Each structure stands twice: as structure tokens, then as C-alpha cells.
Amino acid sequence: MDSKICTHEKKKDEHLIGAVKEGIGCCGWVLLILSGLLMVITFPISVWISIKIIKEYERAVMFRLGRISSGKPKGPGLIFILPCTDTIIKVDLRVISFAIPPQEILSKDSVTTNVDGVVFYKIENAIKSVANVSNVHVATHQLAQTTLRNVLGTHCLSSILSNREEIAHSIQAILDSATHEWGVKVSRVEIRDVRLPLQMQRAMAAEAEATREARAKVVAAEGEMNASRALKEAAMVITESPAALQLRYLQTLTTVAAENNSTIVFPLPIDILQNFIDRSK
């Protein structure tokens, strides 16, 4: 399968650069000779027109009599062209980034959101970027906007908010596959912001608050249950040792005296109260 794809791509490349193999014809050669003579006659003025400088990050696609003159772009450095017959188009090979304008998306669960993002791409094949598309940058921008709307329209709002990275990878793969024929390599796509309607924000905030309150009530109930178990165990210990109750009573008196020194406490032994209780019976 891979060999078939490679063969198909090679055929397309040969179709793009087949001008050299087909030849330029007799008229073409006549024009080339006349162009050369014109350059010789106007020397050294023609040198400034014939010599072009291509920067390190650029490549030049040369057209000779309207046909691509070679199988690969020229540069970097100095290149030589013939006046009147050769024209060049410079292509920047550096990574280019652009922001996708906010797109109004209708998610799978019928929620309207505004989503924007950032795309990073570069041109890998200068000849394809010139010969296969009129304006590769505008075409990539338009395709990125359409792909963002189409992909996010198949996801629910919760999925868009929680799976941004996976959705971005999916958009990047689709863009990279679609722009391959244009000589473009999409290296990265990022979803920058998801803007929700104000009513949806209030509803989500109310839902989150209700969830937190329910969780707090569950935690408080678990705390009460653990406290009641601890009090039950303490009561059993005090029942087994009456002296422990007296010590607890003295500890309570100490605590009260420490909080407010103006309080006067009259300790009364519990045994005396027990005698009064027995007589009343």
C-alpha cells in the first residue's frame, strides 16, 4: 500500500516538473538565444537583473517560458536567470503561525460555544506550494477554520473542555493530510480558548456548587458517625472505671477556669448527689 502511494506521488511530481523533459520547442530556443544576446549587449547592466540572492531560509521556484525549469527549487545563495524568459517565485520555508478567529460551534449536545486556536505549519515542498495552489497561506487558513468547526461539531461540550489535546491532535492530522498536496506540513495545532454563553457558565457554576455541597454533607455525616462511635467507646471505658468519670469532671473544671477566670466553680462530689437520689427513691 505504501509503495502504491509513493508511486502515485512520484507521478504527480513528474507531472508538475515535466516541462524539462518535454522540451521548450524551437520557438523557445529562439527566445532563449535572443534573451542571451540581450544580456550580452546590455552587460554589465544586465548582471544586476540576472543575478538573484536567495536567503538561507528561502527557496526559489524558477519558471522558464512559463514552465518549471528544474526538478527542485533553487537556492540558497546566488542564482542566475535569463532576462525576459525566466521568472522566480520565492518561498519561505520557516515555520509560520496564525490564529484561527473565534468560530461559533454547535456541539453534539446542542450547546453553542466560541472556540479559537493556533496553527503552526511550514512549507516542505516549494514546487507544490506554487504549482498546486494559488495562495497556499490563504488556503491553509480557510481549511483550518473549516476543520475546526467540523471536528468540534462531533464532540459534546464536556468532551471539548476535557479532551482539548486529543481534539487538537485530530485536527492536526486532518490538516496535515489535506495540505500534503500543497507541500505544507502542519506541525502543531492548539485549541486556545473555549468561550461559553453566560447562562451556561451560571448553570455549570450552580451544578459544581451543588456537587460540592453534597460532598460536604457526606463528609460531615461520616464525621458525626465516627464521633458517635468514639463517644460510645469512651462511655464504655468510663462505665468500667468510676474514677475515670471523676477525673473527667476535674478536667472539665480546669477547662472552664482557663477560659474565664471570673467564673467561680463549686465542685460537688458526685457521691453526695447519688445519696440524695437514693433517698428520694
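L31 is found in helix α3, which covers residues 25-41; helices here are DSSP runs of H or I with at least four residues, strands are runs of E with at least two, and both are numbered from the N terminus. This is a predicted model, in which local features need pLDDT of at least 70, side-chain atom pairs count only at pLDDT 80 or more, and totals for chains, interfaces and linings use all residues. Residues are numbered from 1 along each chain as its sequence is written, and side-chain values use heavy atoms, with hydrogens and water left out.

L31 counts as partly exposed because its relative accessibility is 43% (buried means under 20% relative accessible area, exposed over 50%, and partly exposed in between, with a 1.4 Å probe and protein chains only). Together with V30, I33, L34, L37, I41 and L65, L31 forms a nonpolar patch on the surface, with about 660 Å² of accessible area in total. Such patches consist of residues with over 30% relative accessible area and no salt bridge; nonpolar side chains (Val, Leu, Ile, Met, Phe, Trp, Tyr) are joined within 5 Å, and like charges within 9 Å. The areas come from the Shrake-Rupley method with a 1.4 Å probe, and for residues only the protein chains shown count as cover.

T147 belongs to helix α6, residues 136-152. With a relative accessibility of 7%, T147 counts as buried. T147 touches I171, I174 and L175, leaving aside residues up to four places away in sequence; contact means heavy atoms within 4.5 Å.

## Aromatic pair

A search of the whole structure finds one aromatic pair. The ring centres of F98 and Y121 are 5.8 Å apart and the planes stand at 70°, so the pair is edge-to-face. The rule covers rings of Phe, Tyr and Trp (its six-membered ring) with centres within 6.5 Å; planes under 30 degrees apart count as stacked, over 60 as edge-to-face, and the rest as tilted.

F98 lies in strand β6 (residues 96-106) and Y121 in strand β7 (residues 112-123), so that this pair links distant parts of the chain, 23 residues apart. F98 and Y121 are both buried.

R64 is partly exposed at 26% relative accessibility, whereas D86 is buried at 6%.

R192 forms a salt bridge with D116, with the closest N and O atoms 3.6 Å apart. R192 lies in strand β8 (residues 184-195) and D116 in strand β7, so the pair ties together parts 76 residues apart in sequence. R192 is partly exposed at 47%; D116 is buried at 6%. D92 and R94 also form a salt bridge, at 2.9 Å between the closest N and O atoms.

## Backbone features in loops

A cis peptide bond, with omega about 0°, joins G75 and P76. P76 is found in the loop between β3 (67-68) and β4 (77-80). In the loop between β6 and β7 lies S110, which has a positive phi of about 60° although it is not a glycine. S110 counts as exposed, at 59% relative accessibility.

Technical notes. A salt bridge is a side-chain nitrogen of Lys or Arg within 4 Å of a carboxyl oxygen of Asp or Glu.
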